[in-house]
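Biologist: Please put the model up, and then I will ask about its folds and side chains.

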Amino acid sequence: QGQLKIAPAAMAARCRLAARFHHIHGTNIRLDASRTQATRVESFANGLCFSQEPLAPGQIFLVEIEEKELGWCGHLRVGLTTHDPQSLEVVPEYSLPDLVNLGDTWVFAITRSHNRVVVEREDMQAQRRLWEPFLLIERVRIPRDTLVGRSRPGRYSHILDDLYKMNVLPATARRSRIGVLYTPQPDGTADMHIVINGEDMGPSARGLPTTRPLYAVVDVFASTKSVRVIPVDYGFPSLQTLCRLVIQKHIVHRLAIDVLDLPPLLKNFCQHE
């Protein structure tokens with residue numbers, strides 16, 4: 001548990017080192033030169049990827065869906081494994097069930113409905129939480145702005161405005177951001193958490209060992225074609241980020257940003273990033 005008290009600067013440095021994919025991956029995966037983008041170039045399977053390094057307690061491994069492919073059933077899968085990718089004789093074809101069947105692996109299949117559904121009486125409280133600058137998961141505090149995926153405004157962007165104002169995209173949409181982390185528990189084990197567009201989905205697996213390294217698993221499966229690792233800075237939100245939160249909170253929809261008397265770069269940051 002004490003490891004969760006890592007200084008922000010140390011955590012940020014560690015996260016920058018780990019925010020790329022391992023050179024060991026599925027046979028249908030191609031990585032870019034920086035090893036931050038993973039694209040499945042054939043079929044719908046053999047898309048397994050791993051984090052370059054084991055994760056620290058409370059460290060999130062975050063990816064953004066960059067490209068989709070029509071014609072397949074199923075979506076991105078994420079999780080954790082104790083298996084060092086270099087120890088695998090063959091990278092399994094699937095995370096579910098192949099990698100899980102090797103043991104000490106916990107994988108979560110993302111679906112369209114995985115964003116939390118809020119009942120009416122909780123709606124205002126939920127919206128207030130989503131505007132808070134940090135996501136709190138037990139003793140872990142992560143800047144929420146980086147965790148949130150946003151669609152680009154366009155001709156039909158008003159369709160997504162209600163979702164956008166709550167910083168939520170459908171879980172499987174392009175530009176959706178999905179992350180995985182673990183939090184140590186008093187009994188010496190850990191809980192695995194999945195975060196989708198700034199929302200903690202709660203513990204999706206319990207009883208993970210903390211005595212062995214835990215690598216992130218990202219299965220670029222079926223309709224998910226390409227993903228990119230998003231570095232997460234655990235420091236304080238920038239002034240630019242805080243300005244965006246205030247602006248977004250008080251506009252009717254994103255297209256209204258165009259008429260505001262703001263610098264073009266700030267408008268672009270509020271609408272697109």
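What follows is a set of questions and answers on this model.

Biologist: What kind of model is this, and which pLDDT do local features need?

Modeller: Residues are numbered from 1 along each chain as its sequence is written. This is a predicted model, in which side-chain values use heavy atoms, without hydrogens and water, side-chain atom pairs count only at pLDDT 80 or more, totals for chains, interfaces and linings use all residues, and local features need pLDDT of at least 70.

Biologist: How many helices and strands does the protein chain have?

Modeller: Helices (H or I, at least four residues) and strands (E, at least two) are DSSP runs, numbered from the N terminus. On that basis the protein chain has seven helices and 13 strands.

Biologist: What percentage of the residues of the protein chain count as buried?

Modeller: Buried means under 20% relative accessible area, exposed over 50%, and partly exposed in between, with a 1.4 Å probe and protein chains only. The protein chain exposes about 13,200 Å², of which carbon and sulfur atoms supply 55%; such areas come from the Shrake-Rupley method with a 1.4 Å probe, and for residues only the protein chains shown count as cover. Of the 273 residues, the buried part is 53%.

Biologist: What is the strand order in the open sheet of seven strands?

Modeller: Two strands pair if DSSP finds at least two bridges between them. The pairing in this sheet is antiparallel, and the order is β1-β2-β13-β4-β9-β10-β11. Its edge strands, each pairing on one side only, are β1 (29-31) and β11 (199-209).

Biologist: By what angle are neighbouring strands of this sheet turned against each other on average?

Modeller: Axes are lines fitted to C-alpha atoms, for helices over the stretch in contact, and angles run from 0 to 180 degrees between N-to-C directions. With direction ignored, the average for neighbouring strands of this sheet is 25°.

Biologist: Which residue in β9 is the bridge partner of Phe 61?

Modeller: Strand β4 covers residues 61-68 and strand β9 residues 177-184, and the two pair in the antiparallel sense over four bridges. Within β9, the partner of Phe 61 is Val 180.

Biologist: Is Thr 183 buried or exposed?

Modeller: Thr 183 lies in strand β9. Contact means heavy atoms within 4.5 Å; not counting residues up to four places away in sequence, Thr 183 touches several residues, including Ile 137, Val 140, Ala 190 and His 193. Because its relative accessibility is 0%, Thr 183 counts as buried.

Biologist: What is the geometry of the aromatic pair of Phe 21 and Phe 61?

Modeller: Rings of Phe, Tyr and Trp (its six-membered ring) pair if their centres lie within 6.5 Å; planes under 30 degrees apart count as stacked, over 60 as edge-to-face and the rest as tilted. The structure holds five aromatic pairs. For Phe 21 and Phe 61, the centres are 5.9 Å apart and the planes at 65°, which is edge-to-face.

Biologist: Why is the pair of Phe 44 and Trp 72 called tilted?

Modeller: Phe 44 lies in the loop between β2 (37-40) and β3 (48-50), and Trp 72 in the loop between β4 and β5 (77-81), 28 residues apart. Phe 44 is partly exposed at 27% relative accessible area, as is Trp 72 at 35%. The ring centres are 5.0 Å apart and the planes are at 40°, so the pair is tilted.

Biologist: Which residue has its charged end over the ring of Phe 221?

Modeller: A charge sits over a ring if NZ of Lys or CZ of Arg is within 6 Å of the ring centre and within 35 degrees of the ring normal. Ring pairs link Phe 221 with Phe 44, Trp 72 and Tyr 94 into a cluster. At 3.8 Å from the centre of the Phe 221 ring sits the charged end of Arg 77.

Biologist: Which residue in β12 is the bridge partner of Cys 49?

Modeller: An open sheet of four strands has the order β3-β12-β5-β6, with antiparallel pairing. In it, β3 and strand β12 (residues 215-219) pair over three bridges. The partner of Cys 49 in β12 is Val 218.
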